[in-house]
Amino acid sequence: MKHNELFPQFLIEGTVRTIQEISDPQIPSMNCQISGDTIQIICHPRFPRHHYYRNAVKEIRKVLIRSAKATILDRVHKASIKVQKHPQNVFIKFYKSRWGSCTNNGVLQMNWSLIMAPVFIIDYVAIHELCHLTHMNHSPHFWQEVKQHAPDYPESRRWLKQNASMILSLANWLNDESRSA
Ligand SMILES: [Zn+2]
């Protein structure tokens, strides 16, 4: 399948998803869904062309955030059982320069753009933030505990370092409401 050149290539859970455009007269305006390795933009044939691009970007963003909420919350939940640490609450939000955070009243916030990373990376960030529930710092004790639950954590940190600008620039691209095309 040829990749649509209007859009960058997105990843979900570490896999590249091709954008596929489908015309469907049954759809009132525009819908977007994940289907196998594609992100499908399903659009009514008479959808106004001048609104098409901006709308499609908005729909792709919605689909990624929806997918992030489902997957990331599930992985944090599983990680919290594994490490026996339970946050007060978990939120998905966007950060420009970090993957997650943990407040001193036990609230975890995870960057939705992590949905583009493989699941083992999401798990590492979840474990990292959960360990901050007991160590509000990056002391040797903190890293010892991370290592106990995520023995391959140096590999995950390397992956994040190598791929941060790719993931964050895709998320920024989706967030950019000022796009004129
Ligand atoms: Zn940290």
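The largest nonpolar core has 38 residues, and Ile 60, Ile 72, Leu 114, Val 125 and Ile 127 touch the most other members. A nonpolar core here is a set of buried Ala, Val, Leu, Ile, Met, Phe, Trp, Tyr and Cys residues joined through C-beta atoms within 7 Å. Buried means that 20 or more other C-beta atoms lie within 10 Å of a residue's own; 12 or fewer makes it exposed, anything in between partly exposed, and C-beta atoms are placed from the backbone. Strand 4 (38–43), helix 1 (49–83), strand 7 (107–111), helix 2 (119–131) and helix 4 (153–175) each supply at least two residues of this core. Helix 1 gives the most, with nine residues. In general, nonpolar side chains tend to be buried together in soluble globular proteins.

The model is predicted: local features need pLDDT of at least 70, side-chain atom pairs count only at pLDDT 80 or more, and totals for chains, interfaces and linings use all residues. Residues are numbered from 1 along each chain as its sequence is written.

Now the overall layout. The protein chain has four helices and seven strands. These are DSSP runs, numbered from the N terminus: H or I over at least four residues for helices, E over at least two for strands. Along the sequence the pattern reads β-β-β-β-α-β-β-β-α-α-α. The C-alpha atoms fill a box of roughly 60 × 30 × 30 Å, taken along the principal axes. Of the 181 residues in the chain, 29% are buried. Among contacts between residues at least 6 apart in sequence, 49% join residues at least 24 apart. A contact requires C-beta atoms, placed from the backbone, within 7 Å.

Leaving out residues up to four places away in sequence, Ile 60 touches Phe 10, Cys 32, Ile 39 and Leu 174.

Next, the helix packing. Axes are lines fitted to C-alpha atoms, for helices over the stretch in contact, and angles run from 0 to 180 degrees between N-to-C directions. Angles under 35 degrees count as roughly parallel, over 145 as roughly antiparallel, 65 to 115 as roughly perpendicular and the rest as oblique.

Start with helix 1 and helix 2. Their axes come within 9 Å and cross at roughly 55°. The two helices are therefore oblique to each other. Their crossing is right-handed. For handedness, the near helix is turned from the far one by less than a right angle, anticlockwise for left-handed and clockwise for right-handed. Helix 1 contributes Thr 71, Ile 72, Arg 75, Val 76, Ala 79, Ser 80 and Val 83 to the contact, and helix 2 contributes Val 119, Ile 122, Asp 123, Ala 126, Ile 127, Leu 130 and Cys 131. By class, that is ten nonpolar, two polar and two charged residues. Ala, Val, Leu, Ile, Met, Phe, Trp, Tyr, Cys and Pro count as nonpolar, Asp, Glu, Lys and Arg as charged, and the others, Gly among them, as polar.

Helix 2 also packs on helix 3 (residues 140–149), at an angle of about 140° and with axes 9 Å apart. That makes helix 2 oblique to helix 3. The crossing of helix 2 and helix 3 is right-handed. Ile 127, His 128 and Cys 131 of helix 2 meet Phe 142, Glu 145, Val 146 and His 149 of helix 3. This contact has four nonpolar, two polar and one charged residues.

Helix 4 is another partner of helix 2. Their axes come within 10 Å and cross at roughly 110°. Helix 2 is therefore roughly perpendicular to helix 4. Phe 120, Ile 121 and Tyr 124 in helix 2 meet Tyr 153, Ser 156, Trp 159 and Leu 160 in helix 4. The contact of helix 2 with helix 4 divides into six nonpolar, one polar and no charged residues.

Follow helix 4 to Trp 173. Because Trp 173 has 15 C-beta neighbours inside 10 Å, Trp 173 counts as partly exposed. Trp 173 and Pro 8 are 165 residues apart in sequence, yet 9.0 Å apart in space, C-alpha to C-alpha.

Finally, the backbone at two loop residues. Glu 13 lies in the loop between strand 1 (10–12) and strand 2 (15–23). Glu 13 has a positive phi of about 50° although it is not a glycine. With 17 other C-beta atoms within 10 Å, Glu 13 is partly exposed. Gln 84 lies in the loop between helix 1 and strand 5 (89–93). Its phi is near 60°, a positive value in a residue other than glycine. Gln 84 is exposed, because 8 other C-beta atoms lie within 10 Å.

Key. Contact = placed C-beta atoms within 7 Å.
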